[in-house]
Amino acid sequence: MLFWYAIVGVMALEIVLQLAWNPTYFGLGIRMFNERIPASAEMRERLVLNCLERDVATQQWTPLVFRPLPDGRMAFRESFFAGFAGRYYPVMRGMVVVDAKRNQVRVEGICNWMTLGIAVLCVSMPMVVASTWPMLLMLAMFVYCYFIQRRRYHGIAEALREQMRIELPEAIMQLRRNSR
């Protein structure tokens with residue numbers, strides 16, 4: 001019984017940390033997605049991270065919400081608000097990291113604690129009680145949701161590449177900087 005209270009406590013804590021946009025929480029965890037984009041200093045100058053929410057907006061899925069963290073990284077996650085768009089279980093939360101030292105921009109997807117806890121529960125329960133084997137089907141759902149999120153995170157990387165394109169006219173970049 002204590003195990004169940006611990007799982008519920010972790011779930012509640014994770015929701016509070018996501019709503020508070022806690023910088024430690026967004027940087028801590030198992031990396032499930034990591035896409036590196038080579039970026040020279042000139043290309044990094046062209047980045048307008050505050051426009052990412054608009055650049056990756058879609059009518060098909062729940063919107064991604066972006067928030068700058070105090071150390072310069074940009075955290076993002078799925079919106080908690082209900083809408084008419086498709087929904088899926090968010091397996092990861094994400095971060096955009098501009099790394100001047102390595103001349104790159106990274107899009108990172110970090111495993112949510114609830115996902116990890118439920119996955120451990122789905123694997124361990126059938127070992128204890130054989131009749132709970134249908135819980136293993138949740139792992140297949142997690143894999144399906146991961147691939148949806150992975151495609152969306154690739155979309156964020158593509159939006160970043162598009163922002164850093166040298167061919168993009170300076171007039172458009174100036175308008176984007178002024179719309180912050």
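# Briefing: a predicted protein chain

R73 counts as buried, at 18% relative accessibility; buried means under 20% relative accessible area, exposed over 50%, and partly exposed in between, with a 1.4 Å probe and protein chains only. The model is predicted, so local features need pLDDT of at least 70, side-chain atom pairs count only at pLDDT 80 or more, and totals for chains, interfaces and linings use all residues. Residues are numbered from 1 along each chain as its sequence is written, and side-chain values use heavy atoms, with hydrogens and water left out.

**Overall build**

- The protein chain has seven helices and five strands. Helices (H or I, at least four residues) and strands (E, at least two) are DSSP runs, numbered from the N terminus.
- Along the sequence, the pattern is α-α-β-α-α-β-β-β-β-α-α-α.
- Of the 180 residues in the protein chain, 42% are buried.

**Surface**

- The accessible surface of the protein chain is about 10,300 Å². Carbon and sulfur atoms account for 66% of that surface. Areas come from the Shrake-Rupley method with a 1.4 Å probe; for residues, only the protein chains shown count as cover.
- V123, M127, V128, V129, W133 and L136 make a nonpolar surface patch of about 620 Å². Patch residues have over 30% relative accessible area and no salt bridge; like charges are joined within 9 Å, and nonpolar side chains (Val, Leu, Ile, Met, Phe, Trp, Tyr) within 5 Å.
- V129 lies in the loop between α5 (113-128) and α6 (137-164). V129 is partly exposed, with a relative accessible area of 33%.

**Salt bridges**

- The structure holds eight salt bridges. Each is a side-chain nitrogen of Lys or Arg within 4 Å of a carboxyl oxygen of Asp or Glu.
- E158 is partly exposed at 47% relative accessibility, and R161 is partly exposed at 28%.
- E162 bridges to R165, with the closest N and O atoms 2.2 Å apart. Both partners are partly exposed: E162 at 38% and R165 at 33%.
- Salt bridges with shared partners join R31, D99, R102, R106 and E108 into one network.
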